[in-house]
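This report covers a protein chain and its ligand.

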Amino acid sequence: MSYETILVEQRDAVTLVTFNRPQALNALNKQVLKDLIDAFAAYDADPAQRCLVLTGSEKAFAAGADIKEMSEKPSVDFFLEDFFAEWTSRVTATRKPWIAAVSGFALGGGCEVAMMADFILAADTAKFGQPEIKLGVAPGMGGSQRLTRAVGKAKAMEMCLTGRMMDAAEAERSGLVARVVPAADLLDEALKSAAAIAAMPPVAAMINKEMVNLAFEGGLSQAILIERRLFQILTSTEDRTEGMKAFVEKRPGLWKGR
Ligand code: HXC
């Protein structure tokens, strides 16, 4: 399997997947999502692989969905493509454990991808946020549901409404991440955790994962479908067009409120 935007290597029973679009802070474009879908499918199908680690660069895990790509897209196409639905289904279908190892920015879709992991290990430099509101949109890959379930309504609402970022210490205090480690140790720690999981009985690992998810995900799929539809509808606003254009032109957006 060859990939354009991620690096994939196998270290014994652990698959290490690294985002590799440093020039765009690992923004998630169509190709990244396609590569991730293939890498996760290959991981899930290979009985020799027992745990996966997804990581980014020191500066960014992923700075969100690719705003430049989205800014060109007609609203109806978000709906017709069922924007990011294929990736969401692939991740949800992954039966074996995986960890997100986050250093630097995990914003918007990047934060949402990290929250899809079975758990997050964070470097002390990690910053989590759902700043979509600044672009005239909202989370569209489960963020509003997973963040709220993880950190509670007050913090999730504040983050979604103001776009403020949460640092690693707050993320650990709030239950968003399993553990914070020094940035220099992040990959080693994530691989160590993954190796420990890979050494467990694999069926038990899958069942443990399902059980914990049962507690977390009751009613979630419907909420995520509704969230995705609302995200797609929101892309028809003038403020979304303006917000994305302003980002590309590196200027503040001028909001019309419609
Ligand atoms: C496309 C992006 C990007 C993104 C950064 N870049 N984030 N390109 N999409 N999400 C690009 C920049 O345009 C720039 O390219 C390069 O990466 C470096 O970024 P800078 O902004 O110069 O870096 P810095 O000043 O350090 O600021 C870092 C940052 C900022 C705070 C993370 O880049 C930022 O605010 N990014 C956008 C974050 C965001 O709004 N994410 C949510 C996206 S919406 P050039 O070519 O100029 O060098 C979303 C919706 C999900 O995720 C819903 C899915 C259904």
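Which polar backbone atom is 3.5 Å from an oxygen atom of the ligand? That atom belongs to Gln 23. The model is predicted, with local features requiring pLDDT of at least 70 and side-chain atom pairs pLDDT 80 or more, while totals for chains, interfaces and linings use all residues. Residues are numbered from 1 along each chain as its sequence is written, and side-chain values use heavy atoms, leaving out hydrogens and water.

A polar side-chain atom of Lys 59 lies 2.6 Å from an oxygen atom of the ligand. For Ala 65, a polar backbone atom is 2.8 Å from a ligand oxygen. The protein buries 74% of the 1000 Å² that the ligand exposes when taken alone (accessible areas by the Shrake-Rupley method with a 1.4 Å probe).

## Shell around the ligand

The ligand has 26 residues around it (a heavy atom within 4 Å), and Lys 59, Ala 65, Ile 67, Gly 109 and Lys 250 come nearest. Helix 2 (67–71), strand 6 (105–107) and helix 5 (109–116) each give two or more residues to this shell. Helix 2 gives the most, with 3 residues.

## Overall fold

The protein chain contains 12 helices and 10 strands (DSSP runs: helices H or I of at least four residues, strands E of at least two, numbered from the N terminus). The C-alpha atoms fill a box of roughly 55 × 35 × 35 Å along the principal axes.

Of the 258 residues, 50% count as buried (under 20% relative accessible area, 1.4 Å probe, protein chains only). The protein chain exposes about 12200 Å², with carbon and sulfur atoms supplying 59% of it.

Key:
Polar contact = N/O pair within 3.5 Å; in protein donor to acceptor, adjacent residues only side chain to side chain.
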